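I opened the model to look up a few things and write them down.

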Amino acid sequence: PTGHGKTAVAIAPALLASASSGVSVVVVPTSVLAADLERRAFEILDLYGHHSPTRRYAYTSGLPEEDRQQMRDDIAAGRQRLLFTSPEALMQSLKVPLEDAAESGLLNYFVIDEAHLVEQWGNSFRTEFQSMSSHRRTWLSKAPEGRQPVTVAMSATLTGQQVETLDTLFASPQRA
């Protein structure tokens, strides 16, 4: 249920996987949630010393352009350990750096937080929730063998229809 740690479960392997290099991207529905997750991740990273160069983790429109550019460069090079962002940013300004990271085998995890919104909002309100599945397929095809990003979809509650939509959009290529 909400508030019982599903995000922490996703962040833990992402942080462990990126202790040396690589990026894990967590798609969230709001800038407020991205900022809250950035704060929580920052506290954990402060204890263990594996910060990204900018020490920023929420990629939002409120960041100065020079910080966003630095984060894009760090994503492409695998130095941005963890990234919280919106589906819209993933589809637009982060498209090329994430493809570059995938092609270099540096995209570790692709996490969709509040995954029920893919079906709920993605049909008409924020279509990027569903469109980002095409980017995932691109990352999988560009990544070196054995270095494809792991996809995780998380939600406190899912209907049967929402599970079916997620399966259709984000199932492994072998099952699609």
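My entries follow, from the whole chain down to single residues.

**Overall layout.** I am working from a predicted model. I counted elements first. The chain holds 8 helices and 4 strands. Reading from the N terminus, I get the order α-β-α-α-β-α-α-β-α-α-β-α. I then checked burial across the chain. Of its 176 residues, 48% count as buried.

**Helix pair α5 and α7.** I looked up both values. Helix α5 covers residues 95–103 and helix α7 covers residues 128–142. They pack at about 30°, and their axes lie 8 Å apart.

**Phe129.** Is Phe129 buried or exposed? Its relative accessible area is 0%. The cut-off for buried is under 20%, so Phe129 is buried. I also checked a partner from elsewhere in the sequence. Glu119 is 10 residues away from Phe129 along the chain, and their C-alpha atoms are separated by 7.9 Å.

**Positive phi.** Next I turned to the backbone. Most residues other than glycine have a negative phi. I wrote down two residues with a positive value.

- Arg55 has phi near 60° and is not a glycine. I placed Arg55 in the loop between α2 (31–48) and α3 (65–77). With a relative accessible area of 40%, Arg55 is partly exposed.
- Glu114, also not a glycine, has a positive phi of about 60°. I found Glu114 in the loop between β3 (107–112) and α6 (116–120).

**Largest pocket.** I finished with the pockets. How much space lies in the largest pocket? I noted about 150 Å³. I went through its lining along the sequence. Val28, Pro29, Thr30, Ser31 and Ala34 are part of it. Tyr59, Thr60 and Ser61 also line the pocket. Thr85, Ser86 and Ala89 complete the list. What is the make-up of this lining in nonpolar, polar and charged residues? I recorded 5 nonpolar, 6 polar and no charged residues.

Terms used: Residues numbered from 1 in each chain as written. Predicted model: local features only at pLDDT ≥ 70, side-chain atom pairs only at ≥ 80, totals over all residues. Heavy atoms only, no water. 1 Å grid on protein atoms, 1.4 Å probe; cavity = no way out; pocket = protein on both sides within 12 Å on 5 of 7 lines; lining within 4 Å. Points joined across faces, edges and corners; volume = space filled by probe spheres on them. Nonpolar A, V, L, I, M, F, W, Y, C, P; charged D, E, K, R; others polar. Buried < 20%, exposed > 50% of the residue type's maximum accessible area, 1.4 Å probe, protein only. Axes fitted to C-alpha atoms, helices over the stretch in contact; angles between N-to-C directions.
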